[in-house]
Amino acid sequence: MNTPPRKILIVGGGTAGWMAALHFAHSWADRDIDITLIESARIGTVGVGEGTTPLIKEFFDRLGIPESEWMPACNATYKCGISFPDWSTVEGHESYFHPFFSEHDRAHVNHFWDNCNLRREGHDVPTHPDDYFVSTAMVRQHRCPIAREPGVPNAVYGYHFDAALMGRYFKTKAMALGVNFIEDTIGGVNLDEAGDIHSVTTEQHGDIAADFFVDCTGFRGLLIRGALGEEMVSMRDYMFNDSAVAIPTPRADGALSSETVSRALSHGWCWHIPLVSRMGNGYVFSSDYLSPEDAEAEFRAYLGSEAAGAEAIHLKWQPGRLENHWQRNCVAIGLSQGFLEPLEALMINVIQRSIEGFTKSWEAGDFTDKWQARFNEFVNQFVDGIRDYLQLHYKINTRNDTQYWIDNRENPHLSGHLRTILEAWDGKADFDRVLYEHINQQVYPRTSWYCMLAGMGRFPSADKHPLRVSARQQQRAAEASERQAVAFWPHAEYLEKVYAGEV
Ligand SMILES: Cc1cc2nc3c(=O)[nH]c(=O)nc-3n(C[C@H](O)[C@H](O)[C@H](O)COP(=O)(O)OP(=O)(O)OC[C@H]3O[C@@H](n4cnc5c(N)ncnc54)[C@H](O)[C@@H]3O)c2cc1C
């Protein structure tokens, strides 16, 4: 497509569709572009996707949307990071917390890195990440990342929110910015002679034509795959999980948590996401090893009486991604682009980066397809970087209770990049240098790699003498983190202020 568009049609009104609508309407407010979103109430949305990373805060900030407005509308809570119980059986490493790294951590993170590297050489020094980061102490103390002491900056944070409410909130905002909305179901997609998309055929509104189409139809990929025939690149060899069962439970009274819990179970892992209104829970597993019925039974037994009577939602996907996310006059955003799995809550990052990257590329190419290849390469590199970090969780697990965990550990399908990183950690290489050399393939920063590898206890046996100075540094870091955390608001208390519009 080589003429600037007058009319954009976004197909699909899940998180992806409405985020895209909102971003386009905001970015192109001074251009004469008509933006319409069509969604099918009958088909509905995927209904999950409640954990985020700090990236989403940039989205709200750019659009000037205050927390006091959107958080109460979405039953949202603050998120300091994710804990990972039961992925490792190494003594002392049965659980670890993956924090969002903040300026507050600068004073002690060097000791953590140094100790990890001494431990890699066999010195008996403390390396558990939970001692070194202020976010970890905040979670222990049921605090949120907002500082209450003057002069103390906030920590870095993400959010948890109700996905259905978030969709509705984005819809209201986007429509207020002039996005047109049609509720209808699309039965067909029509191509012109050149092979571009010309229009979609709806059940009640006839054919709707546009210059450019945004495929946000979720796993269906109605336009990009169905009509344009784009193939998925399978990631099944790397990522075994392809199924989930989600079951909400009431949230227990008492202190409000600011962490996602990602606990390993027999054939996968489960998330627990604290919202103001309820707990979001789901079991992610591989259908090669466990049937949906057995997964639901295992998960219900694990959740206990709280889950009695709660409806279970079953979901299924093929782990993978498109090769071309933008093809002809169509860009795919959201689950239509592909999906790996929910670990580390990264899909909304992919959506956000895709929306922003596409907006920039399209503008840079004067709304033609000039920057298309560069955009596709950018998204693929981003998704592949995520895949490597996600796969490492499975690769270094030490569980032997089921074949699922053993097969994940023994899986020979690793990218060259991940293999190099793991070999560097396990061997005598300068780990930081290797990370740096591969920086372009990474989505996650240095601290995250250290936290996972050290958190799960991926070290040789300690046969060299302990270094007392390292133990003292660990103790000081742990005490300092606990002290620093006191400068932040108790989570529930601060949320009350946000919900009351007092901040
Ligand atoms: C188990 C699970 C857990 C997840 N957890 C997280 C998480 O914690 N964090 C995170 O970032 N991401 C997570 N995700 C991903 C997240 O759910 C999605 O990225 C997000 O919800 C966006 O979905 P979507 O808008 O692409 O698709 P959907 O929500 O499925 O929306 C698709 C839209 O297309 C419309 N549509 C489809 N076909 C037609 C048609 N024929 N005519 C008209 N309209 C049509 C539908 O009505 C709907 O409006 C998770 C995903 C799964 C499967």
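Modeller: A polar contact is a pair of N or O atoms within 3.5 Å; within protein, one must be able to donate a hydrogen and the other to accept it, and residues adjacent in sequence count only if both atoms are side-chain atoms. This is a predicted model, where local features need pLDDT of at least 70, side-chain atom pairs count only at pLDDT 80 or more, and totals for chains, interfaces and linings use all residues. Residues are numbered from 1 along each chain as its sequence is written, and side-chain values use heavy atoms, without hydrogens and water.

Biologist: Which backbone atoms lie by an oxygen atom of the ligand, and at what distance?
Modeller: A backbone N or O atom of Val46 is 3.0 Å from a ligand oxygen. For Leu335 the distance is 2.8 Å, and a polar backbone atom of Ile348 is 2.7 Å from a ligand oxygen.

Biologist: Why does the ligand lie between domain 1 and domain 3?
Modeller: Domain 1 (7-76 + 161-235 + 318-370) and domain 3 (243-316) both give residues to the shell, so the ligand lies between them. The bounds come from an automatic or database domain assignment.

Biologist: Changing topic, how much space lies in the largest cavity?
Modeller: About 120 Å³. A cavity is a set of points, on a 1 Å grid over the protein atoms alone, where a 1.4 Å probe fits but cannot get out; lining residues have an atom within 4 Å of a point. Grid points are joined across faces, edges and corners, and the volume is the space filled by probe spheres set on them.

Biologist: Which residues are closest to its centre?
Modeller: Of 15 lining residues, Phe339, Leu340, Met347, Val350 and Val383 are closest to the centre of the largest cavity.

Key
On a 1 Å grid over the protein atoms alone, a cavity is a set of points where a 1.4 Å probe fits but cannot get out, and a pocket is an open set with protein on both sides within 12 Å along at least five of seven lines; lining residues have an atom within 4 Å of a point.
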